[in-house]
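Have a look at it first, then read on.

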Amino acid sequence: MERILYGDNQFFAVNHISDAKSMAQSIKFKSDEAIIRTLDYAIEAGINTFMCTTHDRIAKICDVIRANPNKYKNFKIYPCMPYAHKYANAVTELGIQGTIKQYVPGNLFGTMFKGGMAVVSKDFLKIMELLIDAEMKMFKGINTPVIFLQNVITDLLLGLGMVEVLKGFHDYIIKKYDAEPGFITMNMPKLLDTLEGAGINNPIICFSMNKVNFRMSGGKDLYEETLKSRKLRAIAMQVLGGGAIPPKEALEYVSKLPNVESILFGASSKANIENTVYNIRSFDKEKIT
C-alpha cells in the first residue's frame, strides 16, 4: 500500500468539526466535476490511491476514470463497503421489502420470502457475497487491490461474535476479486485478536489513531502498544481527532508511530492536500534520519 491515501468524506458532507463546514462541502462538491478536479489535485501532489465508500456518486467518478485510461493509468481505488447511508435512505424511501428487492438479485429475493428467515440465516454468507458483487459493479475495469469492510458492519459483527462472517468476507475478496481484504474498525486491538483467532494473519486494518482517543475503543496507550508488539498492516485514519489537534502536530504524531503503513486523510482544497502531503513526507524523512 502507498504511504498516503486520499479519502472521500469531504465529497459527501461528512465533517467531524461542524455542521457549517459540512454544508459548505456539500455545496462545493455538488457537481461531479468538482470531485474529479480535487482528485486531480491529489494526483498532482503525488497521491495515487483513493479510498472511498460505495456512494452512488462514486459510480460516475469511476465512469470518468474508465473514460481516461492514460490519465489515470496508475490510479487505484480502495472500495469501502457497504455505504450504510445508501441502504438507510432506501429503507426510508422503499421500505424494508423494497430495499431488499432493489439490492438482492431476483431469484434469491423470491426464495427469501418463500422460506422466511430460516433461508436468510442459512444462506447469510451467500447473501453477503451477492451484496459484495453488487457493490463492486461500479468499479469494473478499475484497479482495486484492497477492498474494505466498513466499520459499521465490521464492529457490528465483532460485537455479535459473528467471526465466520468476517472470515467469509476475507476469503471471498481473495477468491473472487484477487484482492486483499481490509477491515475498518473503531476497536483495532479487539479486531486484531478476533482475526488472528480466525486464522487471518497480518491483516490490513484501518482505524482511528490520534493523540486524543477520538473513536479509539481501548485507548491510545493500548493502540500504541499493539502497534509496537503485534503484526498487522495498519492504516491510520481520523488523525486530527475530529479537529481537536492542529494538523501539523497530528501528522507528526502519527507519522512517527511504528508499524503504520499508510495514513488516510481527506481535504477539500488543493492547498490543504499539498500541505498534508508535504508534512507527512517531511516527518517521514526525519524518522529515517
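Start with tyrosine 78, which is buried, with a relative accessible area of 2% (buried means under 20%, exposed over 50%, partly exposed in between, using a 1.4 Å probe and protein chains only). Phenylalanine 148 is buried too, at 0%.

A quick word on the ground rules. This is a predicted model, where local features need pLDDT of at least 70 and side-chain atom pairs count only at pLDDT 80 or more, while totals for chains, interfaces and linings use all residues. Residues are numbered from 1 along each chain as its sequence is written, and side-chain values use heavy atoms, leaving out hydrogens and water.

Searching the whole structure turns up 11 aromatic pairs (rings of Phe, Tyr and Trp, the last by its six-membered ring, with centres within 6.5 Å; planes under 30 degrees apart are stacked, over 60 edge-to-face, the rest tilted). In one of them, the ring centres of tyrosine 78 and phenylalanine 148 sit 6.0 Å apart with planes at 45 degrees, so this pair is tilted. Because tyrosine 78 is in strand S3 and phenylalanine 148 in strand S4, the pair ties together parts 70 residues apart in sequence. Strands are DSSP runs of E with at least two residues, helices runs of H or I with at least four, numbered from the N terminus.

| Strand | Residues | Ring it holds |

Elsewhere, ring pairs join Tyr6, Phe11, Phe12, Phe29, Phe50 and Phe265 into a cluster.

Zooming out, the protein has 13 helices and 8 strands, and 48% of its 289 residues count as buried.
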